[in-house]
Amino acid sequence: MSIEVAAAAAAAVELPTEVAEKQPHRLERKWSFWFDNQSKPKQGATWGASLRKVYTFDTVEEFWCLYDQIFRPSKFTGNADFHLFRAGVEPKWEDPECANGGKWTVNSNRKADMDNMWLETLMALIGEQFDEGDELCGVVASVRQRQDKVSLWTKTAANEAVQMGIGRKWKEIIDVPDKISYSFHDDARSKKSSGRYSV
Ligand code: MGP
């Protein structure tokens with residue numbers, strides 16, 4: 001995907017009428033795709049200035065249409081973040097649902113791996129495969145020059161038992177053999193790097 005196409009995607013997306021109207025397979029909850037094109041940051045711009053909500057949907061058909069047309073991170077060559085979050089939750093530490101949360105992160109050196117992990121996670125979220133569904137805020141695929149990463153954002157970082165359960169399940173879903181670690185947004189805010197839990 002070219003930067004121009006992706007940037008255009010950040011504007012409201014019109015789905016084909018047949019997809020928008022039929023809506024046969026409804027999801028359990030609504031989800032929103034977001035996009036942050038960080039390829040041409042304006043000097044002095046605050047974080048999040050280029051973050052855009054692209055589309056909120058609640059059917060399987062809309063999901064596949066959006067995924068096929070736009071949300072394939074590996075096709076993007078610049079720096080960017082792709083997000084799928086529960087509708088009403090913004091992919092920011094500042095959002096009240098995320099403020100006390102944190103994230104499980106997996107780094108990826110191969111674009112194909114990132115795409116697979118991203119798609120498996122998207123399907124697990126919209127398909128409600130996690131027991132702790134209400135604990136999940138969303139997923140972010142970060143396309144970076146040096147190393148891509150996929151992060152699963154959750155709500156209550158201090159609840160170790162819940163986060164460990166989610167981490168174990170996510171590892172199974174994305175099928176990674178290496179340890180993955182969980183960091184608190186609070187630590188990121190105060191520039192402390194360090195994982196607090198790992199599975
Ligand atoms: P990042 O995008 O999560 O990591 O955060 P990246 O780009 O891979 O770089 P890294 O090497 O720092 O891991 C990068 C920086 O963006 C953070 O250090 C913050 O300054 C800012 N930032 C990221 N997020 C997710 C937020 C957020 O939710 N709120 C605010 N205010 N700043 C954020």
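**Note on the cysteines and the ligand site**

1. Cys137 is buried, at a relative accessible area of 1%. Buried here means under 20% relative accessible area (1.4 Å probe, protein chains only). Cys98 is buried too, at 0%.

2. This is a predicted model: local features need pLDDT of at least 70, side-chain atom pairs count only at pLDDT 80 or more, and totals for chains, interfaces and linings use all residues. Residues are numbered from 1 along each chain as its sequence is written, and side-chain values use heavy atoms, with hydrogens and water left out.

3. How many disulfides does the structure hold? It holds 0. A disulfide is counted when two cysteine sulfur atoms lie within 2.5 Å. The cysteine sulfur closest to that of Cys98 belongs to Cys137, 3.9 Å away, so the pair is too far apart for a bond.

4. Residues around the ligand (a heavy atom within 4 Å) include Trp47, Trp93, Glu94, Arg144, Lys149 and Trp153. The shell splits into 3 nonpolar, no polar and 7 charged residues. Trp counts as nonpolar; Glu, Lys and Arg count as charged.

5. Lys149 places a polar side-chain atom 2.8 Å from a ligand oxygen. For Arg144, the distance from a polar side-chain atom to a ligand oxygen is 3.0 Å. Trp47 has a side-chain N or O atom 3.4 Å from a ligand nitrogen. A polar contact is a pair of N or O atoms within 3.5 Å.

6. The protein covers 64% of the 630 Å² of accessible area that the ligand has on its own. These areas come from the Shrake-Rupley method with a 1.4 Å probe.

Key:
A polar contact is a pair of N or O atoms within 3.5 Å; within protein, one must be able to donate a hydrogen and the other to accept it, and residues adjacent in sequence count only if both atoms are side-chain atoms. Buried means under 20% relative accessible area, exposed over 50%, partly exposed in between (1.4 Å probe, protein chains only).
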